[in-house]
Each structure stands twice: as C-alpha cells, then as structure tokens.
Amino acid sequence: MRKLTHLTVSLTRMALLVGLGFIAPSCSQQEIAEPKLQSATEEAAKADKTKTFYGPAVPLGQGVGRAWVMVDATGTPLSIGVDLSAKSVLNQGTTQVDYVFQLPKQVAVPPFDHIELGWNPQGHEPEHVYDVPHFDLHFYMIPSSVQATIPFLAPPAMDVALAPKYVAPAYILTPGLVPNMGAHLVDVLSAEFQPGGVFTKTFIYGSYKGNLIFLEPMFTLAYLSEQKTETTPIRQPSAFQRAGYYPTSYTISYDDSPKQYHISLDNLTYHRAN
C-alpha cells in the first residue's frame, strides 16, 4: 500500500469502521506446471525432493535481493518469495523507494508475473494505523507495463469491486486507487483494527477494475528487527477468477547464515478459474 492523499485517512478509516460493523522443476525452457495425480507411494517418495530457482539479483542498498520459486520433483510450484540481505533491509534510509524482482525464467507460477518491494520510511495512511516505517511486498499478477497504466483515483470514489465470491471473508475494499498499484482490500480482523492493537504485519489483497491483481504481505521495520520466523494462514475466497497457484499461508523469516530475510507465499494450491 502507498500514499494516496491525506484525504484518504479519514475515508479509509470510515470504510473500515463500516466494514467492521458487518463482521461481528529444473528445465531450460519455461514450463507451466499443471497438477498431476500421484499415488500415495509416489507422493511419499518425492515429498522431500524440492528445487529452488532464483531470479536475477537486484541491488538493495549495501546488499541484494532476488525472487525465487520452490518446486517439487514434478515441477509443481510449492512456494514463491524473495530473499533480502538483512543489513540492507534494516538500513533503507529516509527516502521512499521501490525494488522490482523478476521471477526465475525456468518455471512459471501462474498467475504471478513479478514482485515489487516498497519501503515507506514514514508509513502511510490511515493515521495511527499504517503511519510507521514499513515495507509493502506486492506479488503482482499483471505485467509491469499494465501496472504502469493504473491511474490515480481520489477518494471517496471507489474502483470497481471484485465480485463477492472472489473476496476472502472479512476483507473490505478501501476508497481510491494508488497510481501504478491499484486498490486495496484490507483485513478488518487484523490486529491494527482491534481495540488497543498495533500494526506489525498484515496481508492485503489488491484489485483493479474488478480484477484481482496482487497479493501483499505488509510488515513493519520493527517487526523485521525482531528476527523471528512466523507463518500466518491466509483466508481464502470461495472462488478464483484466474487459474493458477494460490497461497494458503505466508512466511516471514530470518536466516543468520547468511544474514537475510525470506518472505514467501507458501503452500501453493492450484485452483481452476470459476
């Protein structure tokens, strides 16, 4: 999520309050992995055989970051994520910046196209919710060229909403459009919207013109500084617009050797379009 205008502060909080009221492989060519039926014996034999493919390294301050995809022995995607040099992540400075990570070419993971990391040193609206230093990690389902055409839409105007069956329970659409990004559906059950709760990490769905276009773990600098490992379930919609592999959880973890963070969408499950 990124700033719209200061007007979004009160409008977004209003939308949230309204919403709360209603909720008491390894190949040289690219391959699109389709689900394959395996016997129980075959599944057990291959369960521990995984391979990780990496995209190109991207300079990230004093270190690097890169996207990756983990697949099983049949080439079926299991997880998609990024590795980020810890020292670089923790010392991003006071200027807002975005980094784009290309996915590895050896394997496709529909519907995902690329990943973008955004650093928000002052945070963004709504005030007293997301106005702390934090990162937005967008897993985009559209090409960068299409992403660049998304315009600004000032609140209180609302973008075309996703059909209800494509929206996970307890998520609501917030006003406006962030240019080059889209609209955001926030989790009203997340800690920051509970009495006395504060924002540490949350999971956001993104849309544009009634289409799902990104998934977004969002997490604070303070949370990363704790160097913990935590996997969080992702609530699922009842149907999916596009066929592909969708996560049922996401993980934020720290590795001391080498010193880096891993942020990933995990337990990818194939869904047909409905």
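This is a predicted model: local features need pLDDT of at least 70, side-chain atom pairs count only at pLDDT 80 or more; totals for chains, interfaces and linings use all residues.
Trainee: How many bridges join β5 to strand β6?

Mentor: Six bridges join β5 to β6, which covers residues 114-120, and the two run antiparallel.

Trainee: Which strands pair with β11, and over how many bridges?

Mentor: Strand β7 (residues 134-140) pairs with β11 in the antiparallel sense over five bridges, and Asp 136 has Met 218 of β11 as its bridge partner. Strand β10 (residues 201-208) also pairs with β11 in the antiparallel sense, over eight bridges, and there Ser 207 stands opposite Leu 212. The hairpin of β10 and β11 has two residues between the strands, and Lys 209 takes a positive phi near 55 degrees in it.

Trainee: Is β11 largely enclosed or open to the outside?

Mentor: Burial is judged residue by residue, and because nine of the ten residues of β11 are buried, the strand is largely enclosed by the rest of the structure. Thr 220, which is found in this strand, has 5% relative accessibility and therefore counts as buried, the cut-off being under 20%. Its side chain reaches the backbone nitrogen of Tyr 223 at 2.9 Å. Leaving out residues up to four places away in sequence, Thr 220 touches Val 132, Pro 133, His 134, Phe 199 and Thr 200.

Trainee: Which residues of the largest nonpolar core touch the most other members?

Mentor: That core has 70 residues, and those touching the most other members are Ile 80, Phe 101, Phe 112, Ile 115 and Tyr 205. Strand β11 (residues 211-220) gives the most to this core, with six residues.

Trainee: What is Ile 115 in contact with, beyond its neighbours in sequence?

Mentor: Setting aside neighbours within four places in sequence, Ile 115 is in contact with a list of residues that includes Ala 67, Ile 80, Val 82, Tyr 99, Phe 101, Leu 137 and Phe 139.

How values were computed: Residues are numbered from 1 along each chain as its sequence is written. Side-chain values use heavy atoms; hydrogens and water are left out. A nonpolar core is a set of buried Ala, Val, Leu, Ile, Met, Phe, Trp, Tyr and Cys residues joined through side-chain atoms within 4.5 Å. Buried means under 20% relative accessible area, exposed over 50%, partly exposed in between (1.4 Å probe, protein chains only). Helices (H or I, at least four residues) and strands (E, at least two) are DSSP runs, numbered from the N terminus. Contact means heavy atoms within 4.5 Å. A polar contact is a pair of N or O atoms within 3.5 Å; within protein, one must be able to donate a hydrogen and the other to accept it, and residues adjacent in sequence count only if both atoms are side-chain atoms. Two strands pair if DSSP finds at least two bridges between them.
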